[in-house]
Structures are given as structure tokens and as C-alpha cells.
Amino acid sequence: MATDPISGGEAIIRCLENEGVEYIFGYSGGAVIPIFDAMVTTNTRIQFVLTRHEQGATHMADGYARATGKPAVVLVTSGPGATNTLTGIMTAHMDSVPMIVLTGQSVTPMIGKDAFQEADIFDITMPVVKHSYLVKESNQLPRILRESFHIATTGRPGPVLIDVPKDVSAGDCTADLHAPMDLPGYRPDTPEYEPADVQEMAEMLSKSRRPLILAGHGAVMSRAEKEIRRLAEKIKAPVTTTLLGKGAFPESHPLSLGMLGMHGTAYANKAVCECDLILNIGSRFDDRILGNPAQFAKQARILHIDIDRAEVYKMIRPDLYCVGDAREVTAELAKHVPELDTGDWIERLAKYRRKYPLRYRKQGGLKMAHIIDELYKMTEGRAVVATDVGQHQMWAAQFYRSDDPHNFLTSGGAGTMGFGLPAAIGAQFGRPDDLTVAIVGDGGFQMTCYELATARLHNLPLKIIVMNNHYLGMVRQWQELFYEDRTSGVDLEGNPDFVKLASAFGVKGFNLRRSGDVRKVLGRMLEWNDGPCLINAEVEKTDNVFPMVPAGKALEDMMIDPPRKGQKLDKPTGST
């Protein structure tokens, strides 16, 4: 049904309201002025969060989506404004985060003519989006907005880009803002699972004496945590998770083995090596948990549940798979599988847990693991934690256990430095009453630290811990272990005084230099209630993360402790 004319910009805002959008994260520019003007003229209830950089906007939207489970929205201008979102879009794409990215574009008659601030963002982002649109008429906007949210949130979630020429957002729109959606070519990959597959899985599980459940990000996105717990407790199976699967099963539960893989717990990796069956719920078997795929779980039969058929057989050939929603399939599976006697298996893993606990030295200099361990104890594991990428990320995954599937936010697939601070800001917007802590390295923090201004402007009660070892620590660890300590390109000499930097943004800062002061300084941070605050933690420069499975090696080749002095290690053959 046609309506009285409104501007394309107003149509966009009204359609976003119809989708229940609370926040738009973004940065203004000439090509999107009609949309920004509509924010004023419509008196919309949607709040716009002006960031300091378009990459920060995408990471904020990402953090908001991961912490709330809702799709997030980004709005930026054309050209460099649009291309600055590329890293954030890739990060969301790799981790299947629902996001709508609206970019401005030159007026339609000038597209392809190298107009001012023109970039072919439609094609540039094509490999890292679930879908892209270039809007050619104002009346297309309501339909495209509605389709975009549907595509971003159904099947396997992901980012959708909408490129809006300026004459389209400025033009008249008379289309029905609630027009029915017509997407005959899109059939989200949420097929009805085959009951026979579930029955066969149950039969295979019933014969297992050493079962292991592996929960990944797909389990988090489908909200399968209750079903996984019900299944694990019924069959008394230990549960390990991927980095992005943290919280899909409560890590404080006696059956939890924590994270597996390159820097997972020794007892989780031992369980993979010795189990007789792995039930993979929503993990894509990425290379960081497999080590050497040919050597992965050699004694086990492998069952794979995934919503995306393309993930089956991609890395591992399962004995049986089931394509479907993780929550629905797991719930059905729990109905058919009998209770199992796994006492000997659980006791064997308990011995590994006692023999190879996660640990760190309290002697010597200040340790990242010590700070994170104390933070976990002082907050009782309730905080929403966002990290950057590197050593601190792995220690956070090891020592900050999560019982909630939306409380540990990190860039898994893309490994994006600079993600932590803006993601934490987005999460704090989405969950204003929850304690939110950004744990970042000094390298990644300097890539997006300008977003301190955004946190301060909105007086967010955000806590930030900068693990300042003056190094790109994970790369240095690799160079030390596998390249005979020939460090290159990792010394961050010239770091600013982070407390003074925070002060320049109006953010309270604390220095932490001694192990004996950890609880005292963390306490000051947690008690601070006048907006964001930051700890600059001067941690040991050359501490290393263990356990470690060298890239390309089998999990059996896991290094639980540092190598002997003088021991020469082969260069890793796998990717990082």
C-alpha cells in the first residue's frame, strides 16, 4: 500500500524502528547527511552513538550483538568511511555475528565515475558479507531493510551491507514500510533435522564408554546451553568448548574441561586424544582446535551437529552428521540416549586435571594470568569480558571461566587486534546494568584507544585493563620458541603513558606494577563509579602461554611446560 511521501532517510529510520533497533553505531559524512537529518526530523527513539572511527563503530556493533543476541546496526558514509568498516565486517563474518552495515554512496548518476569519496563497497566487501545490496530507488528501501534483518539473523547469522546512494536517501519514498517480504531465492539453511540421524547418534552414544561433548559458537548462537547441560548430565559426559563456545556449558560445572586446542587445558586435549566418541555441537573444527587434522581424535568416532551443511566434511570427516539447529537436535538427542556409566572415564580425566592444572608462577614480576585469575575471583565470574587478540586473550580464556554464553566476547576467526575496547563499549550499551571489563594488550589497545572518548562521553561504567608488556607478546613467544629467540618487529618501544592517555580523555587511570598490589588495584577499579576507568598493568615482558600445541602439530604433541633450556623446536608448519 502506497503512503504519503517521506524521505528515503526517514524510511530507513522508520524501518529500523520497526525492527526494534535501539542503537546505531557510526560516523557521519556527506553522503549520509539525509539519513542523519532524518534522525532529527523523525524524533526517533533510536540512539545514535557517534564513534571516533568507523572500525570502532563496527566492533561496537559486534560487541552489542554478541552480548545481547540481537542484530546490530552501523551507519557510515561513503568511500574511506565505508572501507574503514571492512575489518569489522570481516570479524563479524568470520564469527557469524548478525550486523546491518549502512554505507553512504555517491549519487546514482555518478557511480562508476570516480566521484568524490566513491568506493565500490558492494564489491569490496562481497567476500566477507552474507549478502550485499546497492539500493537504486528510494521505494526499495523498506523491502531491503526488512530482507536484510531476515538474512542477517536466520540460518547461519552474518553481516549484511546496504549501500545507499545519496539521492536515494534524499529522494521520496512512498512504499509501504511494512511491505511483505518476498525472498524466493533465499532459503535459510535451517533444515528440519532427520529424526533417523538423531536416533542413530543416540545409538552410537549409548555404546560409548569415553564420550566427549565439544560445544562451539553454533551452540552459543542457538541458545543450546540448557540442552547441552541436560544431555551432558544425563550421559555423564565431560564437555570441552572452543574459544567462541565459552559459556555454552558452565565452566564452573564439574563436567567442564574448559577450552581445548592450541592453548586449551591439558586435560581437555588429553580427553580428545583418549575419548572413544566426540559429539561436536556447533563447532566448525577450526585449525586451532584440531592441530593436525589427520591426527585428531584418532581413537574416536565423530558425530557432528551443525546448522551449516558447508561445515560438514570441511575439516574433519565425521562418522555421522546431522544438519540442523544445535538446540533442537541436542534436545531431541537427550530424549533418546540412555544414561551411561562413565565413572572410570571421569576419574581418568580427574587425574589429568590434578596432574596438569592451569597454573602460573606467583614469583617474579607481575603476570597477566595472575591479574585475570584474581579478577575472576573478585567478580565471581559474573563480568562480561571482551578481549583483544594475543597472549592476554588466551590467558583470559583459561582463567576467566564463563557460565554464560554471552559473557565472553572475543574475535575468534579473524583474530582482530583492536577489537576489545570498542566491543566492550558496545556490550555495555546493550547491557548497561552488567559489569563489563575490557582486557586488552598494549598493541591492540593502541589500534582503537581513541574510543575512550566514546566511553567517557556516555559515562559508561566500563573497566579496562591494559596488559602492558611492551611487546606483541604472542608473536614474540613464537619467535622465542621456534625461531631461536630472534625477535623482530615486536618491541613496542615508545608506548605512551596509558594512565596519562586515559586522563587526556577524562578517564580515571591506575597503575599496577607489583603482584602484591593486584587485589588492591583491581578493587579500586571495581569500586570506581564515575564513568570508565583503566588499569595500566606493567606485566612481565617475556612471559609465555602454556599449554601450547605448535601449529600443525597433533594434540598429542602439546607442550604443557616451557621447553628445556637449549632445546631446539621445529618451526610450526600450520597457520597461527
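Colleague: How many helices and strands does the secondary structure of the protein chain come to?
Modeller: The model is a predicted one. Both kinds of element occur in the protein chain, and the secondary structure comes to 23 helices and 20 strands.

Colleague: What radius of gyration does the protein chain have, and how does the globule rule bear on it?
Modeller: For 576 residues the globule rule gives 25 Å, and the value for the protein chain is close to this. The chain is therefore as compact as a globular protein of that length, with a radius of gyration of 24 Å.

Colleague: Which percentage of the contacts with a separation of 6 or more comes from residues 24 or more positions apart?
Modeller: Contact here means heavy atoms within 4.5 Å. Among contacts in the protein chain with a separation of 6 or more, the share from residues 24 or more positions apart is 77%.

Colleague: Are Y376 and Y400 buried or exposed?
Modeller: Y376 lies in helix α16, whereas Y400 lies in the loop between α17 and β16, 24 residues apart. A residue counts as buried under 20% relative accessible area. Both Y376 and Y400 are buried.

Colleague: Is the pair of Y376 and Y400 stacked or edge-to-face?
Modeller: The search of the whole structure finds 14 aromatic pairs. The ring centres of Y376 and Y400 are 5.3 Å apart. Planes over 60 degrees apart count as edge-to-face. The planes of these two rings stand at 90°, so the pair is edge-to-face.

Colleague: Which residues do ring pairs link into a cluster?
Modeller: Aromatic rings pair if their centres lie within 6.5 Å. Such pairs join four residues into a cluster: Y23, F25, Y64 and F429.

Note on methods
Residues are numbered from 1 along each chain as its sequence is written. This is a predicted model: local features need pLDDT of at least 70, side-chain atom pairs count only at pLDDT 80 or more; totals for chains, interfaces and linings use all residues. Side-chain values use heavy atoms; hydrogens and water are left out. Helices (H or I, at least four residues) and strands (E, at least two) are DSSP runs, numbered from the N terminus. The radius of gyration is taken over C-alpha atoms; the globule rule is 2.2 Å times the number of residues to the power 0.38. Rings of Phe, Tyr and Trp (its six-membered ring) pair if their centres lie within 6.5 Å; planes under 30 degrees apart count as stacked, over 60 as edge-to-face and the rest as tilted. Buried means under 20% relative accessible area, exposed over 50%, partly exposed in between (1.4 Å probe, protein chains only).
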